[in-house]
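Subject: Structure handover

Hello,

Please find the structure below, followed by notes on what was found in it.

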Amino acid sequence: LIEDWPLFFIDDGQYLVTTRENLAKERPIGIMYCDGRGMMQDRVTALRQAIVFEPHVYRHIVGSTVISPTEDGSYAAASNFHILRTGADGAVVTYGCGRYLDEIVWHRGEMRFRKRTVVLDSSRIDTLLVIPL
Amino acid sequence: LIEDWPLFFIDDGQYLVTTRENLAKERPIGIMYCDGRGMMQDRVTALRQAIVFEPHVYRHIVGSTVISPTEDGSYAAASNFHILRTGADGAVVTYGCGRYLDEIVWHRGEMRFRKRTVVLDSSRIDTLLVIPL
Amino acid sequence: LIEDWPLFFIDDGQYLVTTRENLAKERPIGIMYCDGRGMMQDRVTALRQAIVFEPHVYRHIVGSTVISPTEDGSYAAASNFHILRTGADGAVVTYGCGRYLDEIVWHRGEMRFRKRTVVLDSSRIDTLLVIPL
């Protein structure tokens, strides 16, 4: 369930979506920025309404993840992703691809995101705002 | 070799192909249903003949797998997949994508499928009947 | 950085690109053949120049890897891959897919490639010569 998505983060976790170009040019913030779980939950509410009008299925193919410990006790993880979208008519298209850059911490015996940065390869972003990537 | 495919299952293993829509609406069986290895072997025989006429290459990209132990000692596994098909002319297309839902058991020191359910995102299934997904 | 790519190999490591068809017909060498790191470094130099003219982004989605030890103490690894290319206009296309067949050895406490063979599913190779796959 999409409602579970904010639960993968710590309370003051951050979720960012940007593009490869923005990142390279050190533009501060990209396309989307959720600071804390409250903002993510608002996003889920908005999403539930959007789903009614856009009955698409999104499939995430996530490649091998490289994880390394950092000095502050957290873990840095990086994975490539490819998202496919299937429409109501059955047509399957590439929705987007890029890289997840994650900061992961232990929280009460579970691993959670402190920060997930989604870096899209493409700068064509107009349709990419509805679902968490 | 496609002939090895039934060997990944236990003797009375099950192989099902369905769609996300069928699963959501709890329709009993979807597109394909093999009950036991014999039915899978029949399928392989049919497939060998089909290959002669359809010289396609199928490439499976399988993302990270989530595995959890169950109460009866088996394991439940879930993975997303994307299948690409390359034709004789060299063109590459998305053939299908979706989710594998697996029940895995130990059998004489090896892990084997007791049941694999292939859940396709798309309900366009007319061309998806030839190969095991 | 693409400059790091040769560092994943041992000094006399080999990097080959071939097609599924070439491999099946046991044609000796396919599309590209680098024997030793020097040849790979030359390739990187050529690539840096090519990038100026072709500002594409290549995204590799690598599925689960099967690794098995061999008799000579090295490891044989096989993974399926899908490469997506994003153009300057933001369009994302499938660039190629196939299989990596690797020989991996320990070298001063690190794992390195002794040999990587890239087997492309498609024989349409004219545009596939610029970047290491």
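Across the interface of chain B and chain A there is 1 salt bridge, meaning a side-chain nitrogen of Lys or Arg within 4 Å of a carboxyl oxygen of Asp or Glu. It is formed by the side chains of B:Asp121 and A:Arg59, with an N to O distance of 2.7 Å. Over all chains, the count by this rule is 24 salt bridges. B:Asp121 sits in the segment after β6 of chain B and A:Arg59 in strand β3 (residues 57-69) of chain A, so this pair joins two chains. Strands here are DSSP runs of E with at least two residues and helices are runs of H or I with at least four, numbered from the N terminus.

B:Asp121 is buried at 7% relative accessible area, and A:Arg59 is buried at 9%. Buried means under 20% relative accessible area, exposed means over 50%, and partly exposed lies in between (1.4 Å probe, protein chains only).

Before the rest, some conventions. This is a predicted model, in which local features need pLDDT of at least 70 and side-chain atom pairs count only at pLDDT 80 or more, while totals for chains, interfaces and linings use all residues. Residues are numbered from 1 along each chain as its sequence is written, chains are lettered from A and ligands numbered from 1 in the order in which they are written, and side-chain values use heavy atoms, with hydrogens and water left out.

Back to the interface. In chain B, 14 residues are in contact with 13 residues of chain A, where contact means heavy atoms within 4.5 Å. The two chains bury about 1100 Å² between them, 57% of it on carbon and sulfur atoms. Buried area is the accessible area (1.4 Å probe) that two parts lose on being put together, summed over both. On the chain B side, B:Asn80, B:Asp121 and B:Arg124 lose the most area to chain A, together 37% of what that side buries.

There are also 5 residue pairs in polar contact across this interface, both residues being at pLDDT 80 or more. A polar contact is a pair of N or O atoms within 3.5 Å; within protein, one must be able to donate a hydrogen and the other to accept it, and residues adjacent in sequence count only if both atoms are side-chain atoms. Three strands of chain B, β3 (57-69), β4 (75-86) and β5 (92-107), each supply at least two residues of the side that touches chain A. β5(B) gives the most to that side, with 4 residues.

How are the chains placed? A rotation of 120° with 0.0 Å of shift along its axis superposes chain B on chain A (RMSD 0.0 Å), which is the relation of a three-fold axis. Of the residues of chain B, B:Gly63 comes closest to the axis, at 3.2 Å (C-alpha).

Within chain C, C:Arg114 and C:Glu103 form a salt bridge, their closest N and O atoms being 3.0 Å apart. C:Arg114 is in strand β6 and C:Glu103 in strand β5 of that chain, so the pair ties together parts that are 11 residues apart in sequence. In chain A, a network of salt bridges links A:Asp72, A:Glu103 and A:Arg114.

Finally, B:Arg108 has a positive phi of about 50° although it is not a glycine. B:Arg108 lies in the loop between β5 and β6 (110-120) of chain B and counts as exposed, at 78% relative accessibility.

Regards

Notes:
Copies are superposed by least squares on the C-alpha atoms of residues with pLDDT of at least 70 in both.
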